[in-house]
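Look at the structure below and keep it in view while reading.

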Amino acid sequence: MFSTTSEDPLIRKKRKEEAKLLKRKRIEESGGKRPRIINDNKDDDSKKKKIKKMTPKKNNTNNNKNKNNKKQSAGVGGKFGRVMEEIPCRNKPRSGTLSIAIPGSIVSNCQTKELKTHLVGQIARAAAIYHVDEIIVYDDKLSKKHNNYSHRSFKQKRDEQNENYKKKEDEKRKEKNKEGDDTPKEEDKESEERPKSLVDRPRFDPHVFMARILQYCECPQYMRRHFFPMHFDLQFVGLLSPLDAPHHVRAEDRSPYREGLVMDIRNGKSSNRVNCGIWNRPVAIDRELKPGIRCTVKIDVEAYGSAKALKGVVVSPSAPRETDGTYWGYTTRVAQNLTDVFKNCPFDSEEYDLKIGTSERGDHISDDDNNNILRKKIRNNTSSSDSSNYKHALIVFGGVAGIEECVDADELCKLPGNQSKKLFDLWINICPFQGSRTIRTEEAVLIGLARLAPTITEAVSEIHKKKNIDSKKEEVLEFSDKDVSDEDDDGDVSEEDSEA
């Protein structure tokens, strides 16, 4: 038991001073170092136990952190490693492009808006995985008449469609006219502006719906609020999985290229500041552009680490693809019919060099022949006379009824549906001996790109390699002693030179 008697303050001070004097003497005797009491009688094991007991908290905290990190890594990547943080790059320039054409009528087969949004998200994901540079949404003239936008509540639609509700409104108007009030009131203005029925509202367009969601998925996250305001088509976009493409650069990534939005600093006037998704660090570009424009900016990778303001150069969106083959998203285009798909090519050439049509009645290509026969057909069946000029490929997918029905419904196309094979360079059945009676278009896109995209890129690379080798041979001039010189055959010098 502790003693409860209190010591005198004078005695306590003396005791403390004596202890300080003893400590100073020991320090002086040890040569200015604080002495440590070591018990030599105990073994080394006891010393180790003491050391462990002295620091229990630090080790526990470190162990807990390591355990949490292990749990997090196991949740992200499992036992066999983490998820891929960087997208693999070919490190080879890719000059050829790949485009796909899809009918917008496939959206009308879905029952709800959630399913329609999910279908378009699947197509966007497939396009990003297989490096598609352009998606064309065309009207196959086979879509059904769709219901109007159903964004209002059930009670409002029920009241507007009810005849009794309309009769009551007409009676109210007649009573007001009898009173002699010629000036329209606020209630009358609101009733006139509001549509009387659902028929007066704009109809649901599946092609615009599909194109809008494709553009939304392709746009980087930090620019979506500017380019895509609130809209009924984007109601369920939050359910979609992100593309996570190379041009969707994170804030902490040090990427040589970034997509940016020109900032409005001078009240509508042109500016040279671009928001590239870096937190509180706008990028100064080499030119002044109109605010609100999307542009591709090239930034020095070493500039990310410095505290100075970032500077960049505006380049073409195709620059990452042409330098090292980095995939940089796709563009979306809406075509009014099938003929507009072939005509309005946005690339340098006026037409697509290689056109591929997919159909159940197309040519069968097995997996064994896929690598050999398809390459030969791509080389030999290009639209241009010289196969080395091939640059832009187009794969057309049909709707529920197929491409043949689209050709029949197109008024500008002169060919009948049974001769639609003549519109394409290749007419292929991408999935012969299918186990189901029908293949949905979103499934056909995945199957077709998985089989055709690798062979197209390999064939294009081989063609351009040969072209570059031939051009280099023409540029190199070989000189030797056997070549004929500018002098005479006899080797004699002319008379004028001898006189000089």
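The pLDDT is the predictor's confidence in each residue, on a scale from 0 to 100. This is a predicted model, in which local features need a pLDDT of at least 70 and side-chain atom pairs count only at pLDDT 80 or more, while totals for chains, interfaces and linings use all residues. Residues are numbered from 1 along each chain as its sequence is written, and side-chain values use heavy atoms, with hydrogens and water left out.

The mean pLDDT of the protein is 76, and 65% of the residues reach at least 70. Helices (DSSP runs of H or I, at least four residues) and strands (runs of E, at least two) are numbered from the N terminus. Confidence is highest in strand β2 (residues 134-138), with a mean of 96, and lowest in helix α3 (residues 56-77), with a mean of 46. Residues 50-76 have a pLDDT below 50, and this stretch makes six contacts beyond near neighbours in sequence; a contact means heavy atoms within 4.5 Å. Residues 476-491 are also below 50, with one such contact.

Next come the strands. Two strands pair if DSSP finds at least two bridges between them. Strand β4 (residues 271-275) runs antiparallel to strand β5 (residues 283-289), and three bridges join them.

Now consider the loop between α9 (224-227) and β3 (257-262), where L234 is found. Is L234 buried or exposed? Buried means under 20% relative accessible area, exposed over 50%, and partly exposed in between (1.4 Å probe, protein chains only). L234 has a relative accessible area of 14%, so it is buried. Leaving out residues up to four places away in sequence, L234 touches R212, I213, Y216, F228 and P229. R212 is 22 residues from L234 along the chain, and their C-alpha atoms are 8.1 Å apart.

In soluble globular proteins, nonpolar side chains tend to be buried together. A nonpolar core is a set of buried Ala, Val, Leu, Ile, Met, Phe, Trp, Tyr and Cys residues joined through side-chain atoms within 4.5 Å. The largest one has 49 residues, of which I100, M210, L214, Y330 and I395 touch the most other members. Helix α4 gives the largest share of this core, seven residues. A second, separate core of 17 residues includes Y138, A335, L394 and W427.
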